[in-house]
Amino acid sequence: MRPQVVLFGDSITQRSFESGGWGAALANIYSRKVDVVLRGYGGYNTRWAVFLLHHLFPLGSATPPTAVTIFFGANDAALLGGTGEKQHVPMEDYKENLRTMVQHIKSWSPKTLVVLISPPPIYLEGRREFARSLYGDKASDTPDRTNEMTGAYAEQCVGLAKELGIPSINLWSKMQDAEGWQKKFLSDGLHLTPEGNSIVFQEVNKVLDEAGFSALSYDFPPHTEIDGKNPEKTFLTNAMGCNM
């Protein structure tokens, strides 16, 4: 059975298998080596996602994933009083919900690589332009998110990863290193452009590479190694030694 990498998160994860998406890029680069499993839930915050843990990561299962990315925070950081108010989760609760997720997965499989990914930055004017494109003059002028607040949540995410001794990716910080990040990486002030997806792919792949995923072999031999006259010999030879 191939190793599994589970992508667990909100809409930025759910949309990662769209054209140019970071999840699709991972599935492509690890084709025939790893099954990349999408578990993205648009609009979800960590409070709601915690209820999914026993369904997505059942403790009684004998086949835990080899790696899990946990990518939440963009909705948790929604502002009270804004249009996304019901998604808001207090910062300390957000941190503890992430801790619950990590501990659940690690209690099931201590060897599973768990990677925390912070929310990306927020471009306020991009959010306003997006709202106007949907609602015209009826669009609210009250911001649903701010970059400053989201940055505080990103800091909690990265700080927890350091506390738990697991890898993290600080997208909030990483993306803002580039000039013009507001429109280069964000399509609507929050969700990702193809360039933004590329950043996530590069960072996640870097973590997986450091964990040894690049050394994985194919689950079955390339066609060039198959003996055309005696194919059974090829498959019997390889059956016992493929993958992790």
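The protein chain of this predicted model carries 23 positive and 27 negative side chains. The centres of these two sets lie 4 Å apart.

The chain contains 11 helices and five strands. Along the principal axes, its C-alpha atoms fill a box of roughly 70 × 35 × 30 Å. Of the 244 residues, 46% count as buried. Among contacts between residues at least 6 apart in sequence, 78% join residues at least 24 apart.

In soluble globular proteins, nonpolar side chains tend to be buried together. In the present model, the largest nonpolar core comprises 31 residues. Within this core, the residues touching the most other members are Trp22, Leu26, Leu171, Val200, Val204, Leu208 and Phe213. At least two core residues are supplied by each of the strands β1 (4-9), β3 (67-71) and β4 (113-117), and likewise by each of the helices α2 (22-29), α8 (171-175) and α10 (194-210). The largest share, six residues, comes from α10.

The contacts of leucine 208 illustrate the arrangement. When residues up to four places away in sequence are not counted, leucine 208 touches Leu26, Tyr30, Ala67, Leu113 and Phe213. Two of these partners, Leu26 and Phe213, are themselves listed with Leu208 among the core residues that touch the most other members. Another core, of 25 residues, lies apart from the largest one; its members include Phe8, Phe57, Phe72 and Val114.

Note on methods: Residues are numbered from 1 along each chain as its sequence is written. This is a predicted model: local features need pLDDT of at least 70, side-chain atom pairs count only at pLDDT 80 or more; totals for chains, interfaces and linings use all residues. Side-chain values use heavy atoms; hydrogens and water are left out. A nonpolar core is a set of buried Ala, Val, Leu, Ile, Met, Phe, Trp, Tyr and Cys residues joined through side-chain atoms within 4.5 Å. Buried means under 20% relative accessible area, exposed over 50%, partly exposed in between (1.4 Å probe, protein chains only). Helices (H or I, at least four residues) and strands (E, at least two) are DSSP runs, numbered from the N terminus. Contact means heavy atoms within 4.5 Å. Lys and Arg count as positive and Asp and Glu as negative; His and the chain ends are not counted. The place of a charge is taken as NZ of Lys, CZ of Arg, CG of Asp or CD of Glu.
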